Amino acid sequence: MSEKGSKILIIFLLTNIFLISMLFPTTVKAQEKEIAPGFGFPPFINGKVDSYIGEWSWASSQTVPIKTNPSDKGLNITVKALQFLDNLYILCQYELEPNSIEKNEFLGLLISETDSDDINNLTDGKIIKISNSQDSFSDYYIDDFNFTEESPQEVDGIGAGTNKTSKEGYILMTYEFKIPLNPKNQKNQKLEYGNNYSFTICQGNNFTLMEGVPEGIIRNNSIIVKIEKPSIIFYILLYNLFNPPTEINYNEVVTIVLKIIIFGIVYLAFFSYVFKIIFSFRKQIRRIKKI
Ligand SMILES: [Ca+2]
Ligand SMILES: [Ca+2]
């Protein structure tokens, strides 16, 4: 390959690396108790993992030990997280001994306004309760660890849970949450792209409020959820497929489309330049052969 050809190849490779780095969000290797949700098709919130349709297969996964106190070995929970459009989906699964299960099991996600797990930063609580195999979802406003249940009109998100006996005789608890990134109720926590939020996972039975203070929590632990912007490819393929541009997101869509047009022109110009060089090179060889 000629020197000119090598230079072109290097420029081409560097251009590709640059473009690829712009197309995908920067991901930091997940540390313990951190999760960067995957992007993919949303699960159906029914409290069951329907694996035959590949539900949750796009999600990122993390194991979080929930504890009664810091020295407790903890109960391992499998946490999966996924983003689709303007929603965050969280799956929590764990097994309990049949004799340790109570009538009114619950699992809650307490969302903090920052990445700190300080309980004073909690603002939003989403709780799924399972009572006699019937599940229910409640939304709470939290201020200084004082809980207020939201009215049905103020609830943002949905959740569902089930319990079933596994082959080994354990009780498998499954909880699925759908949490909007931009809640309609201002009191619920807004989750912005590029920010990290501490989610406290709490588990127990008989969730009640005693003058605003929750009772019934047995184990808890926190995980940092990193909310990232979908890649441009994902945005174009799925977002616009399911959510055509509106006046609200019009400017963002226009910017992305413009970027694609510019990248397209750069690629076209590059390839036409390469073909031009190859063509003139072949022409020169033919001339040399004639001589
Ligand atoms: Ca499901
Ligand atoms: Ca709330």
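# A chat about a predicted chain

Guide: The mean pLDDT of the chain is 85, and 81% of its residues reach 70 or more. pLDDT is the predictor's confidence in each residue, from 0 to 100. Over residues 16–31 the pLDDT is below 50, and beyond near neighbours in sequence this stretch has 12 contacts in the model. Two residues are in contact if their C-beta atoms, placed from the backbone, lie within 7 Å.

Visitor: What should I do where pLDDT is low?

Guide: Where pLDDT is low, the predicted coordinates should not be read in detail.

Visitor: How many helices and strands does the chain have?

Guide: The chain has 3 helices and 13 strands. Both are DSSP runs, numbered from the N terminus: helices are H or I with at least four residues, strands are E with at least two.

Visitor: Which strands make up the open sheet, and in what order?

Guide: There are 7 strands in the open sheet, ordered β1-β13-β12-β6-β7-β8-β9, and the pairing is mixed. Its edge strands are β1 and β9 (146–149), each pairing on one side only. Two strands pair if DSSP finds at least two bridges between them.

Visitor: Parallel or antiparallel for β1 and β13?

Guide: Strand β1 (residues 34–35) pairs with strand β13 (residues 213–226) in the parallel sense, over 2 bridges. V225 in β13 is the bridge partner of I35.

Visitor: And how many bridges join β12 to β13?

Guide: Strand β12 (residues 196–210) and β13 run antiparallel and are joined by 12 bridges. At one place C202 stands opposite N220 in β13. The two strands form a hairpin with 2 residues between them, and E211 in the turn has a positive phi of about 50°.

Visitor: What about β7 and β8, how do they pair?

Guide: Strand β7 (residues 122–131) and strand β8 (residues 134–143) are antiparallel, with 8 bridges. S131 has Q134 in β8 as its bridge partner.

Visitor: Is N132 buried or exposed, and why?

Guide: N132 is exposed because 6 other C-beta atoms lie within 10 Å. S133 also counts as exposed, because it has 9 C-beta neighbours inside 10 Å. A residue is buried if 20 or more other C-beta atoms lie within 10 Å of its own, exposed if 12 or fewer, and partly exposed in between, with C-beta atoms placed from the backbone.

Visitor: So what share of the chain is buried?

Guide: Buried residues make up 26% of the 291 residues in the chain.

Visitor: Why does G204 count as buried?

Guide: G204, in strand β12, counts as buried because it has 20 C-beta neighbours inside 10 Å. Not counting residues up to four places away in sequence, G204 touches F106, G216, I217, I218 and R219. The C-alpha atoms of G204 and E105 are separated by 5.8 Å, though these residues are 99 apart along the chain.

Visitor: P214 next. Buried or exposed?

Guide: P214 lies in strand β13 and is buried, with 21 other C-beta atoms within 10 Å. P214 touches F147, F207 and L209, leaving out residues up to four places away in sequence.

Visitor: Which residues touch the most other members of the largest nonpolar core?

Guide: Of its 42 residues, those are V79, A81, I90, C92, I201 and I223. The largest share of this core, 6 residues, comes from strand β5 (residues 87–96). A nonpolar core is a set of buried Ala, Val, Leu, Ile, Met, Phe, Trp, Tyr and Cys residues joined through C-beta atoms within 7 Å.

Visitor: What does I90 touch?

Guide: I90 touches V79, A81, L109, F177 and I179, not counting residues up to four places away in sequence.

Conventions: Residues numbered from 1 in each chain as written. Chains lettered and ligands numbered in written order. Predicted model: local features only at pLDDT ≥ 70, side-chain atom pairs only at ≥ 80, totals over all residues.
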